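Please keep the sequence and the 3D view at hand while reading.

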Amino acid sequence: MRPSPMRFLLSSILFVLAGCASDYKGLKVVTVDQECLSRIKPVALNTAWYDAGIDVVGKHISGLLLIKEMPDKSKRLVFTSEAGVTLFDFGFDATGDFKVYYIIKQLDKKAVVRLLRDDFALLLGIPFESPVWKSWEMGNERYFGVSEKNENHYFITDKDCGSLQRLESASKRTKKLTISMTGNDASKPDSITLQHHTFAMKINLKKLDR
Amino acid sequence: MRSLLIFFISFIWAQTTIAQYAGYKPVADLTAFKKQFATEAVKINSITSNFKQEKTLTALTETITSHGSFNFKRANKVKLEYTRPFAYTMVMNGDKMQVKDDGHENTVNLKSNKLFQQINRIVVDCIQGTILDSKDFSSKVFENQKEFLLEMTPTSKTLKGFFQTVILVVEKKDYSVDSIKMNEPSGDTTIITFTEKKINAPVSDAIFAF
């Protein structure tokens with residue numbers, strides 16, 4: 001049986017409304033638990049090489065990613081092909097300022113650089129250097145968040161503050177990026193996944209045993 | 001005065017050459033070498049070998065070492081398989097190239113991709129001894145008792161973006177390639193050294209199939 005035009009219209013409106021619903025609508029403000037915040041707040045990643053796979057709008061790119069902590073506390077991220085050619089070399093200084101040290105012409109597009117900059121900034125916990133924190137609860141999870149321009153950055157723990165679950169970046173209503181990590185050492189995760197939610201992009205990193 | 005200047009220029013040039021490639025001197029008869037290189041390389045119908053690759057990020061004092069196997073079969077079958085610390089395979093067979101990493105397979109038709117076509121041509125030219133006639137590079141040749149050293153400088157803008165020079169070390173005893181060093185514009189280097197080489201051992205076509 002074909003749905004009536006009215007029924008179709010109603011379901012369309014419901015669908016659109018559901019689409020507009022904020023991903024963070026269920027958050028309930030709670031007092032910031034300073035002990036949990038200082039214990040679980042993402043730590044700076046130590047130097048490690050990762051086997052990297054980037055899936056972006058149907059294309060797959062692979063290579064090796066070095067995350068390096070420099071003696072002056074700045075961070076470098078170097079992506080090379082498996083055969084050794086450097087594709088980009090980015091840096092964040094100790095204050096979090098971003099610099100492109102090198103990028104091949106084929107990748108040197110403003111939108112690409114900005115996207116990777118924001119992804120890596122969250123991975124390195126740079127937005128979490130902020131002194132101003134808010135906290136919420138939703139379901140069985142606690143959210144700790146900071147605001148930066150039009151974006152919010154969260155790290156999420158279980159309700160008992162036992163462990164870090166994931167990191168998220170979002171606009172006011174929409175989740176844009178989730179970062180999940182596995183492994184026992186938070187400063188050198190065994191694997192890292194960066195999943196975008198507003199378009200088809202996923203970065204998978206697996207730590208290399210050298 | 002003029003002859004003094006020429007003397008100094010020659011002296012500085014000689015010092016630079018010596019400093020660059022210690023123990024090597026320029027090949028006296030380049031034409032004879034080219035002819036001999038091409039004649040001897042034609043006798044190579046297959047190569048099976050292992051390799052060690054060392055990529056050095058000079059400014060970051062970081063080196064990543066990887067290992068794998070290399071296979072070549074005349075006329076245009078090449079397989080490079082990295083086995084540790086990551087898995088990655090690149091096969092060139094005729095006018096097709098396939099890349100495999102972590103369950104992803106990507107096949108490229110070399111006829112429709114100029115850059116890959118160029119890479120394929122360079123790899124095959126290096127093995128077949130025809131690289132000195134290549135329009136992709138201008139070359140200088142040096143030698144010591146056991147080896148020839150080919151310093152290849154890219155001529156095209158695309159290749160110049162990736163490499164400052166490519167240094168090929170060729171064994172005098174069988175004219176097979178001993179190592180390839182890629183010097184990048186950033187100062188980073190990649191050295192691939194071939195070990196346990198077997199020249200003209202039987203190599204099945206099946207290993208290049210995809």
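## Model and confidence

The structure is a predicted model. Its scores are ipTM 0.80 and pTM 0.84.

For chain B, the mean pLDDT is 86, and 91% of the residues reach 70 or more. In residues 11-19 of chain B, however, the pLDDT falls below 50, and this stretch has one contact in the model beyond near neighbours in sequence. Where pLDDT is low, predicted coordinates should not be read in detail.

## Overall build of chain B

Chain B contains four helices and twelve strands. Its radius of gyration is 18 Å, close to the 17 Å that the globule rule gives for 210 residues, so chain B is as compact as a globular protein of that length. Along the principal axes, the C-alpha atoms of chain B fill a box of roughly 65 × 40 × 35 Å.

Of the 210 residues in chain B, 21% are buried. When contacts in chain B between residues at least 6 apart in sequence are considered, 42% of them join residues at least 24 apart.

## The sheet of chain B

The twelve strands of an open sheet in chain B follow the order 1-8-9-10-11-12-2-3-4-5-6-7, and their pairing is antiparallel. At the edges stand strand 1 (25-26) and strand 7 (104-109) of chain B, each of which pairs on one side only.

Several pairings within chain B can be followed in detail. Strand 12 (residues 189-199) of chain B pairs with strand 2 of chain B in the antiparallel sense over nine bridges. Ile192(B), in strand 12 of chain B, stands opposite Gln53(B). Strand 12 of chain B also pairs with strand 11 (residues 177-183) of chain B, in the antiparallel sense and over five bridges. Here Asn183(B) has Thr189(B), in strand 12 of chain B, as its bridge partner. The hairpin of strand 11 and strand 12 of chain B has five residues between the strands, and in this hairpin Gly187(B) takes a positive phi near 100°.

Elsewhere in chain B, strand 5 (residues 88-93) and strand 6 (residues 96-101) pair over five bridges in the antiparallel sense. Lys100(B), in strand 6 of chain B, is the bridge partner of Thr89(B).

## Contact between the chains

In the model, 21 residues of chain B are in contact with 21 residues of chain A. On the chain B side, the elements that give two or more residues are strand 2 (46-57), strand 3 (62-73), strand 7 and helix 4 (157-162) of chain B. Strand 2 of chain B gives the most to this side, with three residues. By class, the side of chain B that touches chain A has nine nonpolar, six polar and six charged residues.

## A residue of chain A

Ser147(A) lies in strand 8 (residues 141-148) of chain A. Ser147(A) counts as partly exposed because it has 14 C-beta neighbours inside 10 Å, whereas a buried residue would need 20 or more and an exposed one 12 or fewer.

A distance within the chain can also be given for this residue. From C-alpha to C-alpha, Ser147(A) and Tyr101(A) are 28 Å apart in space, and they are 46 residues apart in sequence.

Conventions
Residues numbered from 1 in each chain as written. Chains lettered and ligands numbered in written order. Predicted model: local features only at pLDDT ≥ 70, side-chain atom pairs only at ≥ 80, totals over all residues. Rg over C-alpha atoms; globule rule 2.2 N^0.38 Å. Contact = placed C-beta atoms within 7 Å. Pairing = 2+ DSSP bridges. Nonpolar A, V, L, I, M, F, W, Y, C, P; charged D, E, K, R; others polar. pLDDT = per-residue confidence, 0-100.
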